[in-house]
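Here is a short briefing on one protein chain. Please keep the sequence and the model in view while reading.

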Amino acid sequence: GTSLGMIYRSVSKLENNMASYGASNFTADAQQPDRSKSRIVMNKARAYSAAYFLAWSWLIIGSIFGLANVEQPAPLIYISNFFNPLQGFFNFVIYIYPKVMVTKSRGDDNMTWFRALKIAFWGGGTARGQPANTHRSVPVTGEGTS
């Protein structure tokens, strides 16, 4: 939590410095022009913190029962054994969500969430910086040369 707060503060300071040099138009996200980068960093930090606490709070509660020499209730054991291994999945969802949203917005109107996830996860096969729904007219170095 503390390190994520420090990251947020650093990004916020950087935005303020950029704004003082007249570069404030570069600080807004293309998808959400009214939100600053520091706000996006803060929300992502909150999501990662929530994933951590969702995964580990049950084990911490179980440890408190153990320290009090009280037997843990069976549902608490099941809940902790269910949520703790899912921390990696929660982190993956938080990490991939912005990429899926960009892929879905660049795709056709009929693109499903599953297809957008697949393209975002595997890269979609496009050159870096190009939208997922366009074709390259100029080959990338090494393609189509003999």
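**Briefing: a helical protein model**

Asn69 lies in the loop between H2 and helix H3, which spans 74-83. The model is predicted. The protein has five helices and zero strands. The points below take the loop residue, the overall make-up and two helix pairs in turn.

- Phi of Asn69 is near 55°. That is a positive value in a residue other than glycine.
- Asn69 has 74% relative accessibility, so Asn69 counts as exposed. The cut-off for exposed is over 50%.

**Overall make-up**

- Along the sequence the pattern reads α-α-α-α-α.
- The protein has 146 residues, and 16% of them count as buried.
- The accessible surface comes to about 11,000 Å². Carbon and sulfur atoms account for 61% of that surface.
- Take the contacts between residues at least 6 apart in sequence: 46% of them join residues at least 24 apart.

**H2 against H4**

- Two packed helices are described by the angle between their axes and the distance between the axes.
- Helix H2 covers residues 37-67, and helix H4 covers residues 87-106. Their axes come within 9 Å. The crossing angle is roughly 165°.
- Angles over 145 degrees count as roughly antiparallel. H2 and H4 are therefore roughly antiparallel to each other.
- The crossing of H2 and H4 is right-handed.
- On the H2 side, the contact uses Lys44, Ala47, Tyr48, Ala51, Tyr52, Leu54, Ala55 and Trp56. On the H4 side, Gln87, Phe90, Asn91, Ile94, Tyr95 and Pro98 meet them.
- The residues of this contact of H2 with H4 divide into 11 nonpolar, two polar and one charged.
- Ala47 sits in helix H2. Ala47 has 27% relative accessibility and so counts as partly exposed.
- Ala47 and Tyr95 are 48 residues apart in sequence. Their C-alpha atoms are 9.7 Å apart in space.

**H4 against H5**

- Helix H5 covers residues 113-122. The axes of H4 and H5 come within 8 Å and cross at roughly 105°.
- That angle makes H4 roughly perpendicular to H5. The range for roughly perpendicular is 65 to 115 degrees.
- H4 contributes Phe92, Ile96, Lys99, Val100, Met101, Thr103 and Lys104 to the contact. H5 contributes Trp113, Ala116, Leu117, Ile119, Ala120 and Phe121.
- The residues of this contact of H4 with H5 divide into 10 nonpolar, one polar and two charged.

- Val100 lies in helix H4. Its relative accessibility is 7%, so Val100 counts as buried. The cut-off for buried is under 20%.
- Which residues does Val100 contact, leaving aside its neighbours within four places in sequence? They are Trp113, Ala116, Leu117 and Ala120.
- Val100 and Trp113 are 13 residues apart along the chain. Their C-alpha atoms are separated by 7.7 Å.
- Thr103 is also found in helix H4. At 9% relative accessibility, Thr103 counts as buried.
- Not counting residues up to four places away in sequence, Thr103 touches Met111, Ala116, Ile119 and Ala120.

Methods:
Residues are numbered from 1 along each chain as its sequence is written. This is a predicted model: local features need pLDDT of at least 70, side-chain atom pairs count only at pLDDT 80 or more; totals for chains, interfaces and linings use all residues. Side-chain values use heavy atoms; hydrogens and water are left out. Axes are lines fitted to C-alpha atoms, for helices over the stretch in contact, and angles run from 0 to 180 degrees between N-to-C directions. Helices (H or I, at least four residues) and strands (E, at least two) are DSSP runs, numbered from the N terminus. Angles under 35 degrees count as roughly parallel, over 145 as roughly antiparallel, 65 to 115 as roughly perpendicular and the rest as oblique. A crossing is left-handed if the near helix is turned anticlockwise from the far one by less than a right angle, and right-handed if clockwise. Contact means heavy atoms within 4.5 Å. Ala, Val, Leu, Ile, Met, Phe, Trp, Tyr, Cys and Pro count as nonpolar, Asp, Glu, Lys and Arg as charged, and the others, Gly among them, as polar. Buried means under 20% relative accessible area, exposed over 50%, partly exposed in between (1.4 Å probe, protein chains only). Accessible areas come from the Shrake-Rupley method with a 1.4 Å probe; for residues, only the protein chains shown count as cover.
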